[in-house]
Amino acid sequence: MMELIIEQASSFASDIDFIILVIVILGGFWLFVAEFVFFYFLYKYRRSNNPKAAYITGEKHSEKKWIHWPHYMVIACDIFIIFFAIKAWYNVKQDLPPADDTVRIVGQQWAWTFVHSGPDKQLGTFDDITTVDELHLKKGLVYHFKLESKDVLHSFSVPVFRLKQDAVPGRVITGWFKPTKSGTFDVQCAEMCGIGHGAMAAKVHIHTDSDYTYWENKQTKGHAQKKLNQQTANLANNKSGDL
Amino acid sequence: MTSSASTHSEQSFWQKYIFSTDHKVIALQYFFTGVMMAVVGAFLVYVFRMQLAFPGKEVLGFGVVSSGEYNALVTNHGTIMIFWVAMPMLIATFGNYLIPLMVGCDDMVFPRLNRLSFQIFFLSALVMLASFFVPGGAFGGAWTAYPPLSTDPNYSLTPAGSTFWVLAVALEFVAFLIGGINFITTAMNSRAPGMKMFDIPIIVWMIVIASILFMASVGPLIAGAVMLLFDQLLGVGFYDPSKGGDPILWQHLFWFFGHPEVYVVLLPALGIVAEILTVFSRKKLFGYKTVLYTTIATGVLSFFVWAHHQFVAGIDPRMANVFTVTTILISIPIAELCFVYIATLYKGSIEFTTPMLFALAFMAEFLIGGVTGIFLGSSGSDIYFHDTSFVVAHFHYTFFPISIIAVFAGVYYWYPKMFGRKMSETLGKIHFWGTIISFNLIMIPLFYLGAAGQHRRVYNYEHFSELSKPYLQDLRVFATVSMIVMLVFQVPFFYNFIMSLFRGEKAGKNPWKANTLEWTTVSPPPHGNFAEFPKVYRPPYEYSVPGRKLDYWPQNEKA
Amino acid sequence: MSFAQPMATRRSSTGISTGKLAVWWVIVSEIVIFGGLLVSYILYRLYHDQWSSEAAHTSLIAGSINTFILLTSSLFVVLSHRAIEDKDPQKAFKYLWYTIFGGLGFLVVKSIEWTGEITHGFVMTKSLFWAFYYTAAGLHALHVIAGIIIMAIISFDIKKNKNLQRVEYIGNYWHFVDIVWIFLFPLLYIAK
Amino acid sequence: MSVNTTSQHYVKIWGLLLFLLVVSICGPLLGIKVVTLITAFGIAIVKAWLVAANFMHLNIEKKYIVYLLLSMIILMVLLFFGAAPDVMKPGGNNWERVSTTVK
């Protein structure tokens with residue numbers, strides 16, 4: 001259902017959309033039943049139709065069962081929802097599949113800095129590619145991200161991934177995603193981070209293999225010269241990250 | 001308040017209306033302060049909704065909204081509506097007015113403490129309003145005030161604003177601690193002779209339980225606020241990781257209070273609705289004890305769920321599973337309460353007066369708020385919905401019924417007791433339909449926008465290509481327009497409220513033929529409430545008892 | 001302006017006198033306030049082992065003396081309550097003032113202690129341990145001061161043989177303040 | 001509530017409290033961590049209970065007051081264990097603290 005509103009671009013988007021669908025169905029059912037009974041009573045027992053009210057204490061068991069049976073059914077639905085909620089949560093947040101590549105994401109007022117591991121797939125080496133407000137990914141790879149914040153709370157949110165994680169200063173939070181759809185999508189900051197919060201937008205570019213290699217080569221061209229200042233830049237980055 | 005100032009000498013006016021220790025006057029002082037703050041909150045929402053609908057355009061009565069101003073508007077709209085509207089309206093106004101009358105005594109047990117609590121509350125309101133005019137402007141770090149943004153002026157850019165914000169909130173807590181002690185002690189100790197546990201009207205139970213919840217949950221946040229203040233003023237660094245602190249601690253302290261707070265305001269609203277449903281369906285409350293025990297269960301459970309506000313806020317993912325379970329479990333007592341209230345209508349004789357309409361609207365709307373809460377309480381879907389407009393729509397579907405609809409219901413219902421005259425039904429119905437329909441038209445678009453990935457507290461969505469699509473912008477404009485319509489439809493209410501003071505039809509002692517004790521004295525009740533203090537012979541909801549020719553049976557009526 | 005106590009205050013459906021009931025609720029709210037602060041402190045303390053070296057600079061002597069003073073003052077206030085039960089307001093008055101002197105002594109010791117520490121550079125901003133040290137002890141000291149003032153006011157009523165029941169109320173409050181200190185003492189002074 | 005405890009009883013309790021105070025001060029001198037913890041906090045709890053029970057007369061007060069106060073303490077324990085996995089730990093499931101550089 002959600003994919004009709006916003007497209008799915010990560011492997012676990014469908015899991016999350018599924019639990020949402022489950023809740024829509026179960027919750028919607030109860031909402032409909034409750035509202036229907038409610039309005040039916042309003043219509044049926046309006047004063048003009050039913051001038052004399054009955055005297056029902058609701059203390060007798062025969063009366064209580066009208067509350068209790070729906071109530072047990074609610075509990076059943078709850079267990080169902082809890083199961084799928086935790087399943088989705090476990091997949092997204094707790095259980096990380098082995099990474100093909102790792103990207104370092106640093107939030108600060110009011111921009112996202114992305115450190116791509118570069119050709120050697122190793123963070124902290126000279127060929128890292130640091131970009132601001134644009135994250136470049138290769139479709140179909142499993143990425144781990146290391147999320148940090150330099151100043152206040154931020155929240156790395158990619159709606160099409162169905163992914164959201166706050167960046168907390170003084171912590172490195174690891175997560176994963178696997179882009180499944182090439183294209184360019186929004187990255188938002190979902191945690192109030194000061195006056196620039198509303199403009200803290202970034203882009204995630206998901207490339208096919210060839211495009212990605214093209215982009216990577218463009219970035220790493222002439223690394224020999226860049227090597228030195230790249231290293232210093234990375235050092236500075238790590239420092240501020242560990243600050 | 002001046003409207004009721006029919007006094008001879010200035011001196012007696014001050015004593016009678018400003019420095020009074022009479023619980024009824026203090027209740028009205030809370031009420032009018034709450035109305036004043038509600039108007040402020042409404043103005044704030046008007047401004048920032050206009051900014052969302054027409055980004056960068058000049059807003060009538062405010063001017064162009066900068067992003068910093070926008071944050072301040074959003075932040076203080078939330079803070080004011082919860083701490084300076086919902087709390088004083090539901091707990092303080094109805095608690096002060098009704099508890100002594102309903103338990104059949106002459107005043108609160110500590111009238112001067114009661115007056116003090118209002119004065120502190122009023123001071124806190126002034127501090128809150130003052131924060132708009134300090135250099136740097138009002139605090140803009142969202143009503144949750146997460147550090148480091150709220151502690152470090154270099155980040156928030158509102159050095160004075162954030163301090164004022166913390167001070168105002170802390171003062172407000174103190175006021176309600178004092179008030180709460182008063183409510184609880186009064187209801188516990190000064191009940192009319194013969195009024196046993198299960199003869200206490202549900203609303204009194206609800207307000208007392210709410211006060212207990214507040215008292216038990218707010219302590220850590222008060223300590224946390226002191227720490228926040230030291231961080232702001234001395235740069236101590238309780239919440240600063242570079243100094244060994246931890247920002248997450250504040251989130252825990254805040255939500256350990258913040259979630260019970262939801263029930264602190266919900267329970268009195270449920271109480272008001274219970275009173276009104278029974279009176280206008282001439283029906284005994286379905287399962288008084290069930291309601292009571294369920295409420296207590298809700299209160300206890302509400303302490304076990306707080307971290308569902310922090311699922312993606314950097315807490316350990318394993319904890320999220322625990323809190324998902326507890327959170328979903330709280331739907332059980334809440335569902336039970338809804339079922340009980342619906343069952344109360346069964347075979348009733350329902351009269352659609354204005355208070356009844358509002359009470360029923362509370363039920364209909366709150367059900368939506370409750371169901372949409374499941375999306376956010378279950379960790380899996382919260383990853384997506386957290387901090388989107390979906391959250392905004394969800395908690396407005398809970399808080400609007402609670403702090404606006406239920407309050408209107410209570411005002412229309414107890415107005416005759418408060419001022420001795422009834423409010424106009426026609427104007428009331430216009431007000432009702434105008435408010436309810438436009439409210440839904442505001443919030444339903446927000447559900448869709450949230451599902452489309454729109455985040456909260458963003459002053460201008462043109463920065464996000466996915467969110468600046470025209471049809472999404474149209475929805476925002478639609479919501480804003482309906483919001484303005486809703487504000488316009490409040491005019492009949494104010495007109496009705498003021499005019500009825502003079503022209504409303506005389507109410508008499510018991511216009512609604514209700515059972516509870518407040519209706520056994522003259523309206524408005526004099527200082528001291530009762531000519532002779534009532535004795536209680538039966539539970540509060542004995543309507544249409546078989547074999548009586550009257551369909552109601554006041555609690556104080558002998559056999 | 002003159003104030004007539006409402007009838008409500010004199011009712012007692014629970015069997016506990018209204019004033020005492022209220023004091024219990026005050027203590028309830030105080031438990032969570034101090035509780036929240038101490039929970040935060042313990043969380044941080046267990047995370048930062050190195051704080052024990054900071055705690056080593058606190059004066060165990062001063063802490064012990066203050067504990068002794070508070071325990072003793074608690075005895076005096078309860079003896080004062082005893083005297084009320086024995087219908088002996090003058091004796092109660094005397095004991096109340098012993099308690100007040102105890103409280104003042106506590107404050108004197110604390111101020112000496114703090115001056116020493118501050119002059120040695122152990123100020124609030126030195127490290128979070130000291131931040132908690134001053135916040136917790138300061139909050140507690142405020143309660144001591146409040147208690148002293150209230151007790152002084154009450155004591156003169158007692159002399160006039162009025163509101164005798166209030167001795168028990170302030171007593172319970174004072175014992176609570178004592179208990180808070182009983183926990184602050186090991187947390188801030190002993191655990192090194 | 002009429003209290004009929006004798007002054008001697010109060011003085012006895014007071015003596016007991018002072019004794020415990022001395023123990024809690026001497027405990028750490030042994031320098032064994034476990035002993036310190038017991039003498040410091042175990043005894044603090046005992047002392048608190050002695051004061052509450054005898055001086056505040058909780059032993060003859062209505063039971064629900066005791067339960068009320070205890071439930072508040074339980075709430076604080078709940079808060080502790082709710083916050084501990086994040087605030088007390090250097091790291092956890094997929095997260096770690098990086099700024100433990102504090103004097």
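The legends below describe close-up views of a predicted model.

**Figure 1. The two domains of chain A.** The domain assignment divides chain A into domain 1, residues 2–94, and domain 2, residues 101–242. Taken over C-alpha atoms, the centres of domain 1 of chain A and domain 2 of chain A are separated by 41 Å. Where these domains meet, domain 1 of chain A supplies 10 residues and domain 2 of chain A supplies 13 residues. On the side of domain 1 of chain A that touches domain 2 of chain A, the residues comprise 5 nonpolar, 3 polar and 2 charged.

**Figure 2. Helix 3 of chain A and its bend.** Helix 3 of chain A covers residues 61–94 and bends by about 30° at Ile67(A). A proline, Pro70(A), follows the bend within four residues. Both Ile67(A) and Pro70(A) are buried. Other buried residues of helix 3 of chain A include Cys77(A), Asp78(A), Ile81(A), Ile82(A) and Ala85(A). Further along the helix, Ile86(A), Ala88(A), Trp89(A), Val92(A) and Lys93(A) are also buried. An α-helix has 3.6 residues a turn, so residues three or four places apart point the same way.

**Figure 3. The contact between chains A and B.** Of the 5 pairs of chains in contact, chains A and B share the most contacts. Chain B contributes 85 residues to this contact and chain A contributes 79 residues. Elements of chain B that give two or more residues to the side touching chain A include helix 3 (67–102), helix 8 (247–280), helix 11 (331–345) and helix 12 (354–377). Helix 11 of chain B gives the most to this side, with 10 residues. By class, the side of chain B that touches chain A holds 46 nonpolar, 27 polar and 12 charged residues. Chain A and chain C, by contrast, do not touch, and their nearest C-alpha atoms are 14 Å apart.

**Figure 4. A sheet with strands from chains A and D.** An open sheet is formed by 7 strands in the order 3(A)-2(A)-1(A)-5(A)-8(A)-2(D)-1(D), with mixed pairing. Its edge strands are strand 3 (129–132) of chain A and strand 1 (91–92) of chain D, each of which pairs on one side only. Strand 2 of chain A, residues 111–116, runs antiparallel to strand 3 of chain A, and 4 bridges join these strands. Val115(A) has Thr130(A), in strand 3 of chain A, as its bridge partner.

**Figure 5. Strand 4 of chain A and its parallel partner.** Strand 4 of chain A spans residues 134–138. Its covered face carries Leu135(A) and Leu137(A), whereas Glu134(A), His136(A) and Lys138(A) lie on the uncovered face. Strand 4 of chain A pairs with strand 10 of chain A, residues 202–207, in the parallel sense over 5 bridges. Within this pairing, Lys138(A) stands opposite His207(A) in strand 10 of chain A.

**Figure 6. The fold of chain D.** Chain D has 3 helices and 2 strands, arranged along the sequence in the pattern α-α-α-β-β. The radius of gyration of chain D is 20 Å, well over the 13 Å that the globule rule gives for 103 residues, so chain D is more spread out than a compact globule. Its C-alpha atoms fill a box of roughly 60 × 40 × 20 Å along the principal axes. Buried residues account for 27% of the 103 residues in chain D. Among contacts in chain D between residues at least 6 apart in sequence, 32% join residues at least 24 apart. The domain assignment gives domain 1 (1–57) and domain 2 (62–88) of chain D, with centres separated by 22 Å over C-alpha atoms.

**Figure 7. Gly15(D) in helix 1 of chain D.** Gly15(D) is found in helix 1 of chain D. This glycine is exposed, with 11 other C-beta atoms within 10 Å. Ile43(D) lies 28 residues from Gly15(D) along the chain, and 14 Å separate their C-alpha atoms.

**Figure 8. The contact between chains C and D.** Chain D gives 38 residues and chain C gives 36 residues to this contact. The elements of chain D that supply two or more residues to the side touching chain C are helix 1 (7–26), helix 2 (33–55) and helix 3 (63–87). Helix 3 of chain D gives the most, with 12 residues. The side of chain D that touches chain C divides into 31 nonpolar, 4 polar and 3 charged residues.

Methods. Residues are numbered from 1 along each chain as its sequence is written. Chains are lettered from A and ligands numbered from 1 in the order in which they are written. This is a predicted model: local features need pLDDT of at least 70, side-chain atom pairs count only at pLDDT 80 or more; totals for chains, interfaces and linings use all residues. Domain bounds come from an automatic or database domain assignment. Two residues are in contact if their C-beta atoms, placed from the backbone, lie within 7 Å. Ala, Val, Leu, Ile, Met, Phe, Trp, Tyr, Cys and Pro count as nonpolar, Asp, Glu, Lys and Arg as charged, and the others, Gly among them, as polar. The bend at a residue is the angle between axes fitted to the seven residues ending there and the seven starting there. A residue is buried if 20 or more other C-beta atoms lie within 10 Å of its own, exposed if 12 or fewer, and partly exposed in between; C-beta atoms are placed from the backbone. The radius of gyration is taken over C-alpha atoms; the globule rule is 2.2 Å times the number of residues to the power 0.38. Two strands pair if DSSP finds at least two bridges between them.
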